[in-house]
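Please keep the sequence and the structure open beside the text while reading.

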Amino acid sequence: MNTAETIIASPWGSVLAIAAMALVTFLCRIAGVVVMSRVRLTPRIERGLRALPGSIILATILPVVIDNGLPAIIALTAAIVAMVVTRIDIVGLLAGLGTLAVIRAFG
Amino acid sequence: MSSGIRPHFSAAGLRYGARAALPAFPGFIMFAVAFGTAAAQKGLSLGETLGLSAFVYAGASQMVGLEIWQQAWTPSTILTIMTVTAIVNARMILLGATVQPWLRNEPLARTVLNLFLITEAGWLVGTRYHGEGGRDVGVLLGCGIILWVVWLLATLSGFFAGALVPDPRRFGLDLVMPIFFGVMLVPLWKGAKPALPWLVAGLVSLVVHALVPGYGFIIAGALAGVAAGMLIE
């Protein structure tokens, strides 16, 4: 083993692993800003970016909610209805969690 | 832009952001406690566990990282964990792209900090504020700082007391993140037509999730949504 491999195999390897993970994650975090500061914001790109927040939400939650079946679908619906009615995010969240807990307790 | 306010930064914004982040706390606590618990069970030291939470600060990649964590590292296992982390976190590129116009005139050091602290939940809180016409960058940073602190404290609790936590399923807490995301969808709603790309995103993510293992469905769905948004006049 050469010196570098000896260091990596020692406890310093964990430090290196964390540093490597932190580095690539930070690069992901800044890449969008770096790229967009060099791209001219055309109306088409702007439309695409405007669609992003809702798209990320649906892409993240839809498979998870469907995997968890009817209780999850009902709980999510309750959360959204409570949010539409009150416009208070914490109320929507509690309505969703409460509904899920009740369904599971009696289901 | 409908609002005439220029992007700016204020301490009041920091405080507002910290308060606005509150609904994201349960999801962060839940996830970080679970991570701290899993890390302790896997035999990671406190330093390693906190190091991951503090510097990587990206839940899904931390969890996946634990699965391939090594007692003795080699250059190739380091490269593996780096690649896997990059794949899981690639979706963050999209978050940065949307906040770039808001951060355009910010000092570099503050933008670096803001982006280091960006997470989907914090970004959604910031996006809602921005969508309602707010332009104070302090809100985004305040949200980022408080969520990072919550994340670290919850990791610490999970590491030492994870075994004491009752089954989170009993309180529906395993689904706290999806439910929070769903709630944040409501203020984004501007009618059926602007939501059409969301539908495309959801359908594509379902298909990818069914066909490909891992977290790829998020970025695939998100990119499909952006593409749909660009195509729909």
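A:A79 touches A:G92, A:L93, A:A95, A:G96, B:I179, B:G182 and B:V183, leaving out residues up to four places away in sequence, where contact means that two C-beta atoms, placed from the backbone, lie within 7 Å. A:A79 is also named, with A:M21, B:I179, B:F180 and B:A222, among the residues that touch the most other members of the largest nonpolar core, which has 102 residues. The model is predicted, and local features need pLDDT of at least 70, while side-chain atom pairs count only at pLDDT 80 or more and totals for chains, interfaces and linings use all residues. Residues are numbered from 1 along each chain as its sequence is written, and chains are lettered from A and ligands numbered from 1 in the order in which they are written.

**The nonpolar core**

- A nonpolar core is a set of buried Ala, Val, Leu, Ile, Met, Phe, Trp, Tyr and Cys residues joined through C-beta atoms within 7 Å; a residue is buried if 20 or more other C-beta atoms, placed from the backbone, lie within 10 Å of its own, exposed if 12 or fewer, and partly exposed in between.
- In the largest core of 102 residues, the largest share, 10 residues, comes from helix α9 (residues 137-161) of chain B.

**Helix α5 of chain A**

- Helix α5 (residues 69-86) of chain A has 18 residues and spans 26 Å from its first C-alpha to its last, close to the 26 Å expected at 1.5 Å a residue; the expected span is 1.5 Å times one less than the number of residues, and helices are DSSP runs (H or I, at least four residues) numbered from the N terminus.
- The buried residues of α5(A) are A:A72, A:A75, A:L76, A:A78, A:A79, A:A82 and A:M83.
- These residues lie on the same side of α5(A) because they cover an arc of only 155 degrees around the axis, the arc being that of the directions from the helix axis to the C-beta atoms.
- An α-helix has 3.6 residues a turn, so residues three or four places apart point the same way.
- On the other side of α5(A), A:G69, A:L70, A:I73 and A:V85 are exposed.
- The packing partners of the buried residues of α5(A) are α4 (52-67) and α6 (89-106) of chain A, together with α10 (176-185) of chain B.

- A:R87 follows α5(A) and lies in the loop between α5 and α6 of chain A; its phi is near 60 degrees, a positive value in a residue other than glycine.
- A:R87 counts as exposed because it has 11 C-beta neighbours inside 10 Å.
- B:Y57, in the loop between α3 (46-56) and α4 (59-67) of chain B, has a positive phi near 50 degrees.
- B:Y57 is buried, with 25 other C-beta atoms within 10 Å.

**The contact between the chains**

- The contact takes 63 residues from chain A and 74 residues from chain B.
- On the side of chain A that touches chain B, α1 (3-9), α2 (12-36), α3 (43-50), α4, α5 and α6 each supply at least two residues, and the largest share, 19 residues, comes from α2(A).
- By class, that side of chain A divides into 44 nonpolar, 12 polar and 7 charged residues; Ala, Val, Leu, Ile, Met, Phe, Trp, Tyr, Cys and Pro count as nonpolar, Asp, Glu, Lys and Arg as charged, and the others, Gly among them, as polar.
- A:I8, found in helix α1 of chain A, is in contact with A:G13, A:L16, B:W73, B:T74, B:P75 and B:I78, leaving aside its neighbours within four places in sequence.
- A:I8 counts as buried, with 22 C-beta neighbours inside 10 Å.

**Domains**

- Domain bounds come from an automatic or database domain assignment, which for chain A gives domain 1 (1-39) and domain 2 (54-107), with 36 Å between their C-alpha centres.
- For chain B the assignment gives domain 1 (11-188) and domain 2 (190-233), whose C-alpha centres lie 22 Å apart.
- In chain B, 5 residues of domain 1 are in contact with 4 residues of domain 2, and the side of domain 1 that touches domain 2 has 4 nonpolar, no polar and 1 charged residues.
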